[in-house]
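Q: Please take one part of this model and look at it closely. What is it made of, and what surrounds it?

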Amino acid sequence: MMERTYDVFARKNRGDALCHVGYVEALDDALARVYAWKTYDEEKWFEMVAVPRSAIIPVNRADGPFAGARPESEPERSP
Amino acid sequence: MTGSSETIQRLDPETRKGFRRLILSLADTKRILGIRYSDWLLGAPSIEAGIAVSSMAQDEWGHARLLYSVLKDFGDDPLEVEHSRDASAYASVDTLDRPFPDWSAVVVGMVVVDGVLSSALEGAGSGAYEPLSGRVSKMLAEEEFHGELGRAWLRRIAESSGVGRARLRERVEEVLLPTLRGLLPTDPLQGRLVEAGLTASSQELRDRVREAVTPSLELLELEFPVVEGQGEGWDPDRGRGPGHPLEEAVERARGDRNRALFVE
């Protein structure tokens with residue numbers, strides 16, 4: 001059984017920006033949902049979502065936590 | 001009907017006894033289930049799973065505290081009930097008397113024991129006693145994640161190895177029937193509660209459990225059991241099978257060690 005990384009985003013109020021609050025390691029989407037909610041439950045969130053890190057496409061950075069999903073052929077873009 | 005102690009005192013003695021038994025059974029089962037989850041805070045297969053069972057233990061203890069507090073309407077002192085009873089007085093379901101021996105048992109605990117317990121709670125919450133009906137919906141919302149975690153893990157283990165699947169089957173066969181009997185009884189005392197509109201019928205609640213657990217049972221190629229009677233050694237006063245939780249768990253439930261540190 002292989003775990004993968006899910007990034008967790010949440011907003012406190014309707015209309016707030018969705019913020020990156022952390023990550024969880026989970027075997028599948030169902031476990032990621034529970035882990036995200038139970039791990040980051042210190043706030044009363046209006047909305048929380050979990051995204052497999054592999055589904056995140058880096059746009060302009062070749063470093064940082066999301067760089068692993070970046071296609072190798074894609075060059076880094078300047079800000 | 002209102003939630004006042006007068007309302008409880010107006011119930012006929014047998015119905016009042018049965019209703020107190022139901023609330024104590026729910027509260028004690030949640031308290032002991034919290035202890036059983038807490039055993040796995042550091043032994044779960046991942047940090048995330050440990051955090052989840054830690055949170056679930058807190059949920060169960062919080063729910064138990066709320067349920068114990070309702071007992072004041074019966075003339076009980078909730079603090080006495082929580083902190084002064086012997087293990088032999090506990091009304092928790094007998095399938096929690098011993099610790100979960102492995103992670104498969106924890107998972108079955110989430111799906112089966114916690115699932116049946118939530119159905120029993122839902123039944124009491126749908127009854128006419130307001131202090132319960134007002135509190136149960138929030139508890140059930142928190143419980144949704146317990147079932148979801150259990151079902152996801154059960155599916156994972158069942159699909160990953162023959163050994164894991166066999167262990168799950170064995171555990172479900174061990175606990176499903178006695179848990180249904182204990183938490184959704186069909187004895188005369190429970191029948192009085194249904195007649196008085198204080199809870200839903202156990203048969204109806206068992207049907208809801210069947211619907212909820214059938215996908216998990218199908219993964220394990222198991223059938224929902226036929227439940228007849230209350231089984232040998234049924235204790236109608238406590239509403240559970242024979243025996244009691246291990247003393248060590250009750251010491252923790254009562255908080256004996258913590259209270260020993262208090263300075264008067």
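A: **Helix α1 of chain A**

The buried residues of α1(A) are A:L31, A:A32, A:R33, A:V34, A:Y35, A:A36, A:W37 and A:K38. The model is predicted. Of the 11 residues of α1(A), 8 are buried, so the helix is largely enclosed by the rest of the structure. What do these buried residues pack against? On the chain A side, they meet β1, β2 and β3. On the chain B side, they meet α3 and α6. Both sets of neighbours deserve a look.

**Chain A around the helix**

Start with the chain as a whole. Chain A holds 1 helix and 3 strands. Read from the N terminus, its elements follow the pattern β-β-α-β. Chain A has 79 residues, and 22% of them count as buried. Now take its contacts between residues at least 6 apart in sequence: 38% of these link residues at least 24 apart.

Next, the sheet. Its 3 strands form an open sheet in the order β2-β1-β3 (chain A), paired antiparallel. The edges are β2 (19-26) and β3 (47-52) of chain A; each has a single partner strand, so one side of each has no neighbour in the sheet. Neighbouring strands are turned by 25° against each other on average, direction ignored. Helix α1 (residues 29-39) of chain A packs on this sheet and touches β1, β2 and β3 of chain A. The direction of α1(A) makes about 130° with that of β2(A).

One strand pair can be followed in detail. Strand β1 of chain A covers residues 4-11, and it pairs with β2(A) in the antiparallel sense over 7 bridges. Opposite A:D7 stands A:Y23, in β2(A). In general, strands of a sheet pair through backbone hydrogen bonds, either parallel or antiparallel.

**Chain B across the contact**

Now the other side. The contact between the chains takes 16 residues from chain A and 11 residues from chain B. In chain B, α3 (47-70) and α6 (130-160) each supply at least two residues of the side that touches chain A. The largest share of that side is 6 residues, from α6(B). By type, the chain B side divides into 5 nonpolar, 3 polar and 3 charged residues.

Helix α3 of chain B also holds B:W61. Is B:W61 buried or partly exposed? There are 18 other C-beta atoms within 10 Å of B:W61, so the residue is partly exposed; buried would need 20 or more. Leaving aside neighbours within four places in sequence, B:W61 is in contact with B:R31 and B:G34. B:L183 lies 122 residues from B:W61 along the chain, and their C-alpha atoms are separated by 18 Å.

**The nonpolar core**

Last, the core. In soluble globular proteins, nonpolar side chains tend to be buried together. The largest nonpolar core here has 80 residues. Which of its residues touch the most other members? They are A:V24, B:V112, B:V116 and B:A120. Helix α5 (residues 103-125) of chain B gives the most to this core, with 13 residues. B:V112 touches B:V172, B:V175, B:L176, B:T179 and B:V213, again not counting residues up to four places away in sequence.

To return to the helix: the buried residues of α1(A) pack against strands of chain A and helices of chain B.

Key: Residues are numbered from 1 along each chain as its sequence is written. Chains are lettered from A and ligands numbered from 1 in the order in which they are written. This is a predicted model: local features need pLDDT of at least 70, side-chain atom pairs count only at pLDDT 80 or more; totals for chains, interfaces and linings use all residues. Two strands pair if DSSP finds at least two bridges between them. Helices (H or I, at least four residues) and strands (E, at least two) are DSSP runs, numbered from the N terminus. Axes are lines fitted to C-alpha atoms, for helices over the stretch in contact, and angles run from 0 to 180 degrees between N-to-C directions. Two residues are in contact if their C-beta atoms, placed from the backbone, lie within 7 Å. Ala, Val, Leu, Ile, Met, Phe, Trp, Tyr, Cys and Pro count as nonpolar, Asp, Glu, Lys and Arg as charged, and the others, Gly among them, as polar. A residue is buried if 20 or more other C-beta atoms lie within 10 Å of its own, exposed if 12 or fewer, and partly exposed in between; C-beta atoms are placed from the backbone. A nonpolar core is a set of buried Ala, Val, Leu, Ile, Met, Phe, Trp, Tyr and Cys residues joined through C-beta atoms within 7 Å.
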